[in-house]
Amino acid sequence: MKERLEGLRIEALAELEQVQNPQTLNDLRVKYLGKKGALTEILRGMGGLSAEERPIIGQVANDVRAAIEAVIEQKQETFQQEETNNRLRAETIDVTLPGKALPTGSVHPLNKVAQEIEDVFIGLGYSIAEGPEVETDYYNFEALNLPKNHPARDMQDSFYITDDILMRTHTSPVQVRTMKESKGAPIKVICPGKVYRRDDDDATHSFQFNQIEGLVIGRNIRMSDLKGTLLQFVQQMFGEQAQIRLRPSFFPFTEPSAEVDVTCVQCGGNGCRMCKQTGWLEILGCGMVHPRVLEMGGYDPEEVSGFAFGMGVERIALLKYGIDDIRHFYTNDLRFLGQFARM
Ligand SMILES: [Zn+2]
């Protein structure tokens, strides 16, 4: 019997040596030490032993049990330690790993261009003036030399809210407001903002678009000052090689008035499809402030003069980025907008 117990010890310890996981360890515990295990099986034969043999065999059996238990316990601790280590390893943060790239937004191309335009003029000493988008007929038309029934009002089909209140059709009412607030002092402002017209949306028109107008009033302000300012502006926007030309035009609030063309951004003036072979692209309207407008703004046209200009931000953005349809700016297609993130 003693040999069987020793044999069991050797067999159990050898088998335990090979154990790789807690499940097998538990299986072996049951196999050797369980109620129906190998040790119990052997001890069933104790009944046939003599009184002298019994305590000796009992002692051996206890030794064998203790030896097996000790190994099981030690193995168990090892497994627990490994599990802890694995968990710690899994939870470790590697601070040297590159971070996950978060999707970032970007400035809308229209805002970007508007900002650039503003920056150019701020650099030239202009300040920014703003006003309401819902305007009175007086500020939007009348004070700009466009009395009721003036034929030029047809040029701008407007969104009227009441007979006297409308969505502004240009940012010019801000100029009027600035003149009235300045009470005869010199002015040098740009007026950026949204404007509204009853246009059907197409590649070059929208019922809502962004304008930036400029107004300078002071003594001896001349047409050449206007031209120099605009040349400076286009060269900063489109590059040193850009030139401008002024064509006579008509606006009720300026006299004389001019349309301004810039050297074609595509062909540099040689003629291409974009400029219809002329080498020029229309970019903005301008002129010397009409004496009537100066008067209504509280200035004496005998004492001071001024110039004004106005441009569509969409138009400038189309030219700057070579885009052929302003609807791209409003449909919020991220594939389109994302291209400007890095520009
Ligand atoms: Zn061209």
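For reference, ideal angles at a metal are 109.5 degrees for four tetrahedral donors.

A quick note on what you're looking at: this is a predicted model, where local features need pLDDT of at least 70, side-chain atom pairs count only at pLDDT 80 or more, and totals for chains, interfaces and linings use all residues. Residues are numbered from 1 along each chain as its sequence is written, and side-chain values use heavy atoms, with hydrogens and water left out.

Back to the metal. The zinc ion is held by the SG atoms of C264, C267, C272 and C275, at 2.2 to 2.3 Å. Donors here are N, O and S atoms within 2.8 Å of the metal (3.2 Å for Na, K and Ca), and since water is not among the atoms, sites may look incomplete. Along the chain, the zinc donors are spaced C-x2-C-x4-C-x2-C. C267 and C272 are both buried, meaning under 20% relative accessible area with a 1.4 Å probe, protein chains only.

Now the strands. The protein has 11 helices and nine strands; these are DSSP runs, numbered from the N terminus (helices H or I, at least four residues; strands E, at least two). Strand β5 (residues 208-218) has 10 of its 11 residues buried, so it is largely enclosed by the rest of the structure.

| Partner of β5 | Sense | Bridges |
|---|---|---|
| β4 (residues 187-196) | antiparallel | 10 bridges |
| β9 (residues 305-312) | antiparallel | eight bridges |

To find these pairings by residue, look for C191, whose bridge partner in β5 is E213, and for Q211, which stands opposite G312 in β9.

Zooming out, the domain assignment, which is automatic or from a database, gives domain 1 (2-90) and domain 2 (109-342). Their centres, taken over C-alpha atoms, are 94 Å apart. The radius of gyration is 45 Å, whereas a compact globule of 343 residues would come in near 20 Å; that value is taken over C-alpha atoms, and the globule rule is 2.2 Å times the number of residues to the power 0.38. Along the principal axes, the C-alpha atoms fill a box of roughly 140 × 50 × 35 Å. Buried residues make up 43% of the 343 residues.

Note on methods:
Buried means under 20% relative accessible area, exposed over 50%, partly exposed in between (1.4 Å probe, protein chains only). Two strands pair if DSSP finds at least two bridges between them.
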